[in-house]
Amino acid sequence: MKLPDRLQFIANAHAKQKRTGASLAGKVCVITGTTSGVGYAAAKYFSKDTAKIVMVCRNREKGERVKSELHSLSGIEPDMILADFHSLEEVRRAAGEILAICPRIDILINNAGVFSTRLLLNEEGIDTMLAVNHLASFLMTRLLIPRMAESAPARIIQVNSEGHRFSKFIYDDLQWKHHRYSGYRSYGSSKTAQLLTVWKFDQLLSGTGITITAMHPGAVKSNIGRSSGLLYSLFSKAFITPFLKDPIISAQALHYLAAAPELETVSGYYFNLTTEELPANHASLGSSLIEETWKISSSLVGLPEDLADYDV
Ligand SMILES: NC(=O)c1ccc[n+]([C@@H]2O[C@H](COP(=O)([O-])OP(=O)(O)OC[C@H]3O[C@@H](n4cnc5c(N)ncnc54)[C@H](OP(=O)(O)O)[C@@H]3O)[C@@H](O)[C@H]2O)c1
């Protein structure tokens with residue numbers, strides 16, 4: 001039985017996944033959030049394929065452990081950049097450090113993300129889920145685009161989530177003063193915001209040789225949600241974790257999206273692992289919501305709306 005388009009994501013979770021024989025050997029791959037879950041699995045998988053990894057992580061100790069593991073897998077020393085994405089200033093600094101050490105960038109995977117049942121505001125008073133899941137990846141992408149354009153063909157992959165279906169982007173109440181907060185709504189709002197900017201990035205990157213796609217990495221075992229408190233942890237352990245898969249499937253999907261020659265010019269799409277899928281907000285394609293989200297995101301990260309001519 002064929003499901004309606006908006007429920008197709010249920011069937012896609014069980015679809016046969018695509019793989020590529022193409023290699024990322026020697027490609028410079030910037031991956032955020034490499035210390036755990038999806039990002040850790042991807043960094044290891046890409047290292048086995050002898051890609052050069054630039055890890056962006058917030059915890060030095062964990063980062064050093066992963067760095068030496070990646071080194072032993074590939075024989076290539078990864079670079080490690082430290083930044084806590086709660087702070088946009090740290091994202092900006094991290095981007096500057098990446099540009100200083102990377103004369104070229106072939107692949108950018110914005111993976112770092114959080115889920116929390118509790119509302120936490122960062123120093124700028126922004127919901128940290130919006131800051132980490134959307135604004136950090138938005139700012140990082142914008143700051144690395146000029147170098148990626150020089151390195152084209154290049155690919156940007158935003159690790160999004162089927163959780164974008166939980167909520168529209170709540171752009172008029174970033175501190176949840178007038179909307180009832182829930183972790184799922186905030187997570188959904190942040191992922192929807194990220195998706196809406198992917199459509200705009202795709203328009204603006206046309207002709208640059210850079211592609212941008214968003215993907216759901218599967219429902220996999222990771223540390224996400226760990227900061228949500230005891231009740232959520234117990235619930236998650238009992239009712240969610242037993243159904244989760246190994247994050248190797250996320251790593252293999254990211255490898256396909258990053259390396260497959262048939263995707264070299266494919267941009268502006270949402271994938272459930274490796275299956276192209278209609279996201280929840282596809283109806284807003286071309287609508288003013290995309291423009292509004294772009295405008296708000298640019299203003300929150302302190303960049304002009306135009307992609308051209310800004311300093312890192
Ligand atoms: N797991 C799933 O089933 C699933 C499903 C859909 C989408 N996703 C998405 O997949 C991505 C990765 O999540 P995951 O499941 O692999 O979770 P995870 O195991 O918690 O890994 C998240 C990574 O992001 C890093 N990170 C978190 N907050 C950060 C911050 N403030 N600054 C810098 N780095 C930070 C973490 O660093 P630490 O190790 O220091 O905490 C870790 O390396 C997220 O974007 C998530 O929304 C996951």
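This report covers the ligand site and one surface patch of a predicted model.

## Basis

Local features need pLDDT of at least 70, side-chain atom pairs count only at pLDDT 80 or more, and totals for chains, interfaces and linings use all residues. Residues are numbered from 1 along each chain as its sequence is written, and side-chain values use heavy atoms, with hydrogens and water left out.

## Ligand shell

The ligand is surrounded by 31 residues, each with a heavy atom within 4 Å of it. T35, S36, K62, Y187 and S222 are the closest. By class, the shell holds 15 polar, 12 nonpolar and 4 charged residues (Ala, Val, Leu, Ile, Met, Phe, Trp, Tyr, Cys and Pro count as nonpolar; Asp, Glu, Lys and Arg as charged; the others, Gly among them, as polar).

## Polar contacts and cover

Polar contacts are pairs of N or O atoms within 3.5 Å. The side chain of K62 places an N or O atom 2.6 Å from a ligand oxygen. For R58, a polar side-chain atom lies 2.8 Å from an oxygen of the ligand. G113 uses a backbone N or O atom, 3.5 Å from a ligand oxygen.

On its own, the ligand has 890 Å² of accessible area (Shrake-Rupley, 1.4 Å probe), and the protein covers 94% of it. Helix 2 (37-48) and helix 6 (183-205) are the elements that give two or more residues to the shell (helices are DSSP runs of H or I, at least four residues).

## Surface patch

F166, Y184, F235 and F239 make a nonpolar surface patch of about 430 Å².

F239 lies in helix 7 (residues 230-240). F239 counts as exposed because its relative accessibility is 55%, and exposed means over 50%.

Definitions and conventions:
Patches are made of residues with over 30% relative accessible area and no salt bridge: like charges are joined within 9 Å, nonpolar side chains (Val, Leu, Ile, Met, Phe, Trp, Tyr) within 5 Å. A salt bridge is a side-chain nitrogen of Lys or Arg within 4 Å of a carboxyl oxygen of Asp or Glu. Buried means under 20% relative accessible area, exposed over 50%, partly exposed in between (1.4 Å probe, protein chains only). A polar contact is a pair of N or O atoms within 3.5 Å; within protein, one must be able to donate a hydrogen and the other to accept it, and residues adjacent in sequence count only if both atoms are side-chain atoms.
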